Amino acid sequence: MDLLIQTIKEEGIVLSDSVLKVDSFLNHQINPQLMFEIGKEFANRFKEDGITKIVTIESSGIAPSVMAGLQLGIPVIFARKKKSLTLVNDLLTAKVYSFTKQESNDISVSKKYINENDRVLIIDDFLANGQAAIGLAEIVKQANAEIAGIGIVIEKGFQSGGKLLREQGYRVESLATIHSLNEGKVTFTLDKTEEAVR
Ligand code: G4P
């Protein structure tokens, strides 16, 4: 997605060989116009798939998910990472280990909002090691709903998550795939042609 790649090039800050900071449009300040276009792109890629719900995880998955939900005309559910005062009964839960942060979170969603008739699109902001997406998939499976695919805003192609999820048979659609962050420079893997890098 050209607009996203352009924005990453202009505003992304390479913090190390493995971490890209995108606080100016995705992780802290949010660019609504860009999010709108991201939502349109997800909706376009999954419009033939009979999606009934989007499931994401707080906090940075929410903005792109809401925009996709708006375009597809379907609700968005976000998994919570912390216990909520009001979300206590009848929960679907999964454990998510973050290699980046070296901590585990129990994520949860109310049983009320996902059921066996749902076809779910999972969306998240970053795909690194894939643990958040696997946790969300686990929750959707507990509800006996179907997983139609996984939509990712930025995939770090040099980490293991994309391979892991695709090997498990999931359709993963990433709007920008980063080939490398080496030497302070962002290079991208182009759609379809895995070798092509810009
Ligand atoms: P994984 O789910 O793919 O295994 O990812 P991992 O545990 O490594 O990531 C933990 C958190 O760090 C997630 O956000 C993830 O989105 C974020 N993250 C991973 N790599 C990068 C990166 O290169 N740049 C940025 N900006 N974020 C990255 P989180 O803690 O859940 O944050 P938030 O959603 O509340 O903002």
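Select L26 to begin: leaving aside neighbours within four places in sequence, L26 is in contact (heavy atoms within 4.5 Å) with M35, S60, D125, F126, V153 and I154. The model is predicted, so local features need pLDDT of at least 70 and side-chain atom pairs count only at pLDDT 80 or more, whereas totals for chains, interfaces and linings use all residues. Residues are numbered from 1 along each chain as its sequence is written, and side-chain values use heavy atoms, with hydrogens and water left out.

**The nonpolar cores**

Next, display L4, I8, L26, I38 and I154, which touch the most other members of the largest nonpolar core, a set of 31 residues. A nonpolar core is a set of buried Ala, Val, Leu, Ile, Met, Phe, Trp, Tyr and Cys residues joined through side-chain atoms within 4.5 Å. Buried means under 20% relative accessible area, exposed over 50%, and partly exposed in between (1.4 Å probe, protein chains only). Two or more residues of this core come from each of α1 (2-11), α2 (23-27), α3, α4 (62-72), β7, β8 and β9. Helices (H or I, at least four residues) and strands (E, at least two) are DSSP runs numbered from the N terminus. Helix α3 gives the most to this core, with five residues. Another core, of 26 residues, lies apart from it; A79, L92, A94 and V120 are among its members. In soluble globular proteins, nonpolar side chains tend to be buried together.

S110 touches L87, D90, L91 and L92, not counting residues up to four places away in sequence. Its relative accessibility is 11%, so S110 counts as buried.

**The annotated site**

Now select A128, N129, G130, Q131 and A132, which the UniProt annotation "binding site" covers in an unreviewed entry. The lining of the largest pocket includes A128, N129, G130, Q131 and A132. A pocket here is an open set of points on a 1 Å grid over the protein atoms alone, where a 1.4 Å probe fits, with protein on both sides within 12 Å along at least five of seven lines; lining residues have an atom within 4 Å of a point. UniProt positions are given in the numbering used here, feature names are shortened, and annotations may be inferred rather than shown by experiment.

Centre on N129, in the loop between β7 (119-127) and α5 (131-142). N129 is buried, with a relative accessible area of 18%. Beyond its neighbours within four places in sequence, N129 is in contact with F99, T100, Q159, S160, G161 and L164. A132 is in helix α5 and touches V96 and D124, again not counting residues up to four places away.

**Salt bridges**

The whole structure holds eleven salt bridges, each a side-chain nitrogen of Lys or Arg within 4 Å of a carboxyl oxygen of Asp or Glu. Select R171 and D49, whose side chains meet in one (3.1 Å, N to O). This pair links distant parts of the chain, 122 residues apart: R171 is in the loop between α6 (161-167) and β9 (172-180), and D49 in the loop between α3 (32-46) and β3 (53-57). R171 is partly exposed, at 29% relative accessible area.

Turn to R166 and E155, a salt bridge with its closest N and O atoms 3.0 Å apart. R166 lies in helix α6 and E155 in strand β8 (residues 146-156), so the pair ties together parts eleven residues apart in sequence. R166 is partly exposed, at 38%, whereas E155 is buried, at 5%.

Finish with E167 and K163, joined by a salt bridge (3.1 Å, N to O). They are separated by about one helical turn because they are four residues apart in helix α6. Both E167 and K163 are exposed.
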